[in-house]
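User: Please walk me through reading this structure. I would like the general idea before each case.

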Amino acid sequence: MRFSFALFLILPLAAFADSPFTGRWRLDHARSTALDGWSTCDLVITVAGPRVSLQHDMQWHSTQFSATNTVDTTQSVALPNFFRIEQRHMALYPAKGGVTPVRASWIDAGRTLRLEAETPLEISQGQATMRIYSEYRLLEGNTGLLLIELHSSRPQPLVYRFTKVPESK
Amino acid sequence: MKRFIFLLTLTLTAALTAADNSRPAFVMHWNSDWKVAGALPEKVLLLSLQGLANRNTPQLYIVHPPEFQWEITGPLCSFYERKHGVKFTEIKTAKEALTHFSKSAQGYVIWDPTVPATMNVAFTIAGLDDALVVTTALIPLVEQQGLKLIDDLRGRYTGQTDAQIYTDAVARYWSRCTHDSIMLMGGHVGAVRIPGMADWGVRQKMFFHDLSANPKHAEELALEKKLLAALAPGSIVFGWHSYGKDTEEQHTTLLSGYGLKMEGLHSLPNLSFNCQFSFTPGFKFTNHHHVALDAQLKAESKVYLSFVQSDSIGIGVWTKPGRGQIPFAWQVTMNWAKFSPAALEYFHESATPNDYFIGGLSGPGYMYPNHIPAERFPLLMKEANAMMAVLDEHIMEIMDNSAADGNVGNTDLTKETVDRYYAAFPNVIGFINGYGPARTRDLRDHRPMISYDYYIDPRRPRAEVAADLNELIALNTTRPYFLLVHVRESNDVNSLITITKQLDGPTEVVPVDVFLKLAASQKTYTTRYQDPADPKHFKGYK
């Protein structure tokens, strides 16, 4: 009986681990909007209940950088170090001390994670807010992930295609 | 009839004068093979020969293929013929070159391609003892000219580290080398090396090395510090850092800390020839100024863009299609006024009204000003001011990548550095800062300091560049907005014209002197300096 109770506790976690979003996704450069100031980009997604962790492992030559946005699909969160895949040759910087409210939700029967963020930026004229609407769409077969990112300041979306990295690698 | 005879006399006189003024010299046309296992050894031999042959008079010039990084060797050759009356005779082979110039040498020194540092040690010996630099395979070629062995580096340094090799070389040769300059012969490593500047180092009896400024290589760094400290104040470090050991940022940070000037690249050819020509008689630099130094303009409610290239005008965009169609600023390697004046005259002669020259980079050479010792700063900038006056330049461009990561990251100036520039350059229109984007901005006494808001990577799709610029325009909503753009060397101007046609809102591309004057009229940008809390890629040597 005690064993069954423990199993009951573990089951949901196992279910989360089974989320087809979970795992490491590698950017397909050839089929994506060109990165600027980054040479590689991996997205590591972890789903734990309503919390979704989006870890960005970025590289520029020998420099490695990792940043994680953890969102909650049941409530808005305020992220002090919100990360977006920046075009690094633009004079746009995270505002010092800025906090980014982020709303997240599952749509399309759980096959799309939708994010809405309003991130404060330092610009040459002071400060501005960029609204970012993102969809992380799981593609058929669950080995491809499409990230569509629309900025309030950019007429066309940034489109990034990722391929799932097998766990053994 | 009398008129005909008079004209004929004039023509003949002119022809005879030209003939009298003609200067014989030789030219070689090289290929692109710099492979260690290919044509490098012969090129090394010829570079040492060029340095010695050109020691007293300009005799040997090299023309590189158009795809060579320094694209101007061909046009400059024509310039010498046209403006200096040089009559070049072509030399086709190394043997032929030796036949002409072997008397410039006293003998030869043998280097070992399996121990790369021996090439640099051999170049040092070449300058000091008038030696040609050869590999084993090339010995018969120089002995045919009656040259004798001066030194043999084969085996001497086998198994030793670069730190050990250069320590030995310092002990043997440093005291006899010039202490006004030094040759950092780094750059490419491995299968390909391009020591195109070696002729200059040999001619000037410089110490050659490729010591590392990377703190990981503590012994090499310590030795290089010792050498830099022993150079005369204000000396020039010629060449370039080793791509296999450290970064441009580390090395420029290091030498700036000694108040020294960097002058690259390692591949820059023909300085031993170029340094012996002055400006043609009567030539005076006249920049295409669009505003007077004391002019006051009024900005309108629009977006002003200005384009600048700072990777030395000898590289890249100058020869690309479209130059002259839009206003474009070029950062001049000001030191060329001293050792390559004809090249500067060539650029000025071929400049269109839309080509505008600005001073840099950071001073009288490539330096990172955040690291220049305070006591060295005024004298260095006095030198920069003097060169800007000669070159008729009204704008100083500054770059400090000491905390950056290549062309991204922190390229900002401390307030102390900004204060020093404003004090040192009272007569400029303003200052430009950055390489990649930066956020140092100021306005004092109608002299703005504006950083780049955007850097155009030549590989970035043009549609994305236009989208990036439009995004900056969308986020910087106050008008006027001053959008300064740095154009990487290998972009071409035609593609920039295409981009400007895709921009949103009322925009205008203006010359950078107009841009700064407009920026002085309405300060819609923040005042900002390097914030100690800003991320730093390289935190220095301590």
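Predicted model: local features only at pLDDT ≥ 70, side-chain atom pairs only at ≥ 80, totals over all residues.

User: At what angle do H5(B) and H7(B) pack?

Analyst: Two packed helices are described by the angle between their axes and the distance between the axes. Axes are lines fitted to C-alpha atoms, for helices over the stretch in contact, and angles run from 0 to 180 degrees between N-to-C directions. Helices are DSSP runs (H or I, at least four residues), strands likewise (E, at least two), numbered from the N terminus. Here H5 (117-129) and H7 (162-173) of chain B pack at about 10 degrees, axes 10 Å apart. That makes H5(B) roughly parallel to H7(B) (angles under 35 degrees).

User: Which residues of H5(B) and H7(B) meet?

Analyst: Contact requires C-beta atoms, placed from the backbone, within 7 Å. From H5(B) come B:Ala117, B:Val121, B:Thr124, B:Ile125 and B:Leu128; H7(B) answers with B:Asp162, B:Ile165, B:Tyr166, B:Ala169 and B:Tyr173. By class, eight are nonpolar, one polar and one charged. Nonpolar covers Ala, Val, Leu, Ile, Met, Phe, Trp, Tyr, Cys and Pro; charged covers Asp, Glu, Lys and Arg; the others, Gly among them, are polar.

User: Is B:Asn54 buried or exposed?

Analyst: A residue is buried if 20 or more other C-beta atoms lie within 10 Å of its own, exposed if 12 or fewer, and partly exposed in between. B:Asn54 has 26 C-beta neighbours inside 10 Å, so it counts as buried. B:Asn54 sits in the loop between H2 (40-53) and E2 (60-63) of chain B. Its contacts beyond four places in sequence include B:Asp199, B:Arg203 and B:Phe273.

User: How many residues of H18(B) are buried?

Analyst: Nine of the ten residues in H18 (512-521) of chain B are buried. Among them are B:Asp513 and B:Lys517.

User: What are the domains of chain B?

Analyst: Bounds come from an automatic or database domain assignment. It gives domain 1 (20-270) and domain 2 (303-521). Their C-alpha centres lie 31 Å apart.

User: How many residues of chain B are in contact with chain A?

Analyst: 28 residues of chain B are in contact with 26 of chain A. H16(B) gives the most to chain B's side, with eight residues.

Notes:
Residues numbered from 1 in each chain as written. Chains lettered and ligands numbered in written order. Parallel < 35°, antiparallel > 145°, perpendicular 65-115°, else oblique. Contact = placed C-beta atoms within 7 Å.
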